[in-house]
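Subject: Structure for your review

Dear colleague,

Please find the structure below, followed by an account of what was found in it.

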Amino acid sequence: MDNIDKRNRLDDSPFHFRVLKDQTVFIGYEGKQVKTLKGSEADKFLKKMKDARDEKEMQLIMAKVTGNFKRGNERKN
């Protein structure tokens, strides 16, 4: 996993998630919602999160699920 997060950005835990009663999962990045998962996609995500060994692995799973939405040229508000 060391080669994946070369700049150690996941150490700050920028991702978070919450699960609703109907098993809908909302994933956020730095306080903003960036992805919604429902149905089998949400079930698969929750299983991966349950099987994660530590916080950094959980952060990596969320980063992969959200996709390539950060390219480095976004404005800071």
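**The nonpolar core**

The largest nonpolar core has 14 residues, and those with the most contacts inside it are Phe-15, Val-25, Ile-27, Leu-37, Phe-45 and Met-62. Such a core is a set of buried Ala, Val, Leu, Ile, Met, Phe, Trp, Tyr and Cys residues joined through side-chain atoms within 4.5 Å; buried means under 20% relative accessible area (1.4 Å probe, protein chains only). Two or more residues each come from β2 (25-29), α1 (39-51) and α2 (55-66), and α1 gives the largest share, four residues. Helices (H or I, at least four residues) and strands (E, at least two) are DSSP runs, numbered from the N terminus.

This is a predicted model, in which local features need pLDDT of at least 70 and side-chain atom pairs count only at pLDDT 80 or more, while totals for chains, interfaces and linings use all residues. Residues are numbered from 1 along each chain as its sequence is written, and side-chain values use heavy atoms, with hydrogens and water left out.

Leaving aside neighbours within four places in sequence, Phe-45 is in contact (heavy atoms within 4.5 Å) with Phe-17, Val-25, Ile-27, Leu-37, Ile-61, Met-62 and Val-65.

**Helix α2**

The buried residues of α2 are Glu-57, Gln-59, Leu-60, Ile-61, Met-62 and Thr-66. Their cover includes β1 (15-19), β2, β3 (32-37) and α1. Thr-66 has a relative accessible area of 12% and, not counting residues up to four places away in sequence, touches Phe-15, Ile-27, Val-34 and Lys-35. After α2 comes Gly-67, whose phi is positive, near 85°.

Yours sincerely

Technical notes
Buried means under 20% relative accessible area, exposed over 50%, partly exposed in between (1.4 Å probe, protein chains only).
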